[in-house]
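This report describes selected local features of the structure shown below.

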Amino acid sequence: MSEELLANPSTSSLLFDEVSKMGHEQVVFCNDPNTGLKAIIGIHNTVLGPSLGGTRMWPYKNEKSAIIDVLRLSRGMTFKAAISGLNLGGGKAVIIGDPKKGKNEAMLRRFGKFVDGLGGRYITAEDVGMSEKDMEYIAMETEHVTGLPEKLGGAGDPSPVTAYGTYMGMKAAAKKVYGSDSLEGKIVAVQGVGHVGANLVELLVKEKATVLVSDIFEEKIEPVAKEFKVQVVPSDEIMGYPMDIYAPCALGATLDDETIPNLKARIVAGAANNQLADEDIHGPLCQQHGILYAPDFLINAGGLMNVYGELMGYDREIIFSKAENIYDTTLSIFELAEKEGVHTQLAAMKLAQKRIESVGKIKLPL
Ligand code: NAD
């Protein structure tokens, strides 16, 4: 044990405190100096099934940020799987390093061996900073990988299913707010037109919504603007535009103390993970400002449904019909939130918690 750790014994108990508070079962530190691999696998809960979640590679500014990220992300996966009726638990992995220059075959295969060593308690997939090729290397060492490209026997890009589920969640929110789930004539602002955003735009345009789009990269905007009748707006201004529905499909934490009071939308329904900067503060703040928030982990679960389908024997039609059910689940969450007098994100978490607790006979902290 290092002198530093011995001199500061509270450091080690801090991690256990955090893990207990969030309810994690296991956290694995993967260290291989020969390849430069430094990774952390968070297994939050396996009551419903093996933990599943992508591997993210990111140049975290310190190890603490990496630990916090993996703990939060893996916990989020537990709720996402549970509320979607999938027999999966929540897990996630992070590799500390720069995805543009810090990767090599040896390191990724070593990571694959660590995943394999968990014997299926954790199943990995692609996430931020990882590519198809990287997943191919990991898959050389373990069969506990999903979300693979079609040429490797996988189901391919999950984004169209994610977009479809998000669209269903948005329609449910429209039903609640306007009394009709039609999006015709509604002004929808889609922030980020990457894999999911571009697919969502297509669905919205088909339904004759008025669509505003933004992205930080011109090359992402160009094909969307060329193919569909949409209005392109500057990425740093989109949240201030007059709109009915705000659909964040880029990064998380866009809803905070500053943005919520200025948002003109009555509905937030998008695919980005962790849209509320702090769910305990900004969930209620949306409510106070008359904004109906469609919980992100519920309406963006189409991608998880897709990779689950890959594990169970893929049938595209079944997966899309599962994603369609997001409509009903979202409506029932709005009802539950009203009945219990809580914000919608909390209502969704409570429903997920109930399923896990009834199956596992455990107490899952929220
Ligand atoms: P992506 O990387 O393909 O697209 C994200 C887009 O957002 C990019 O085009 C990027 O340039 C743009 N962007 C980044 N910052 C921006 C900003 N400040 N303003 C406007 N645009 C910005 O990612 P994706 O796969 O489309 O996923 C989008 C979001 O949905 C992510 O938060 C992701 O975690 C979440 N999500 C995706 C899936 C999936 O199936 N792909 C599933 C669940 C959740």
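## An exposed loop residue

Glu-143 has a relative accessible area of 68% and is therefore exposed; exposed means over 50%, buried under 20%, and partly exposed in between, with a 1.4 Å probe and protein chains only. Glu-143 is placed in the loop between helix 5 (132-139) and helix 6. Helices here are DSSP runs of H or I with at least four residues, numbered from the N terminus. From Glu-143 to Val-161 the separation is 18 residues in sequence and 24 Å in space, C-alpha to C-alpha.

## Basis of the model

The model is predicted: local features need pLDDT of at least 70 and side-chain atom pairs count only at pLDDT 80 or more, whereas totals for chains, interfaces and linings use all residues. Residues are numbered from 1 along each chain as its sequence is written, and side-chain values use heavy atoms, with hydrogens and water left out.

## Helix 3 and its ends

Helix 3 (residues 63-83) has 21 residues and should span 30 Å at 1.5 Å a residue; the 31 Å between its end C-alpha atoms agrees with this. The expected span is 1.5 Å times one less than the number of residues. Because 16 of the 21 residues are buried, helix 3 is largely enclosed by the rest of the structure.

Just after helix 3, Gly-85 adopts a positive phi of about 75 degrees.

## Thr-78 within helix 3

Thr-78 is found in helix 3 and, at 1% relative accessibility, counts as buried. Its side chain forms a polar contact of 2.7 Å with that of His-44. Such a contact is a pair of N or O atoms within 3.5 Å; within protein, one must be able to donate a hydrogen and the other to accept it, and residues adjacent in sequence count only if both atoms are side-chain atoms. Beyond its neighbours within four places in sequence, Thr-78 is in contact (heavy atoms within 4.5 Å) with His-44, Asn-45, Gly-89, Gly-90 and Ile-356.

## The ligand shell

The ligand is surrounded by 20 residues, the closest being Thr-162, His-195, Val-196, Asp-215 and Ala-250; a residue is included if one of its heavy atoms lies within 4 Å. A side-chain N or O atom of Thr-162 is 2.7 Å from a ligand oxygen, and a backbone N or O atom of Val-196 lies 2.8 Å from an oxygen atom of the ligand.

Key
Helices (H or I, at least four residues) and strands (E, at least two) are DSSP runs, numbered from the N terminus.
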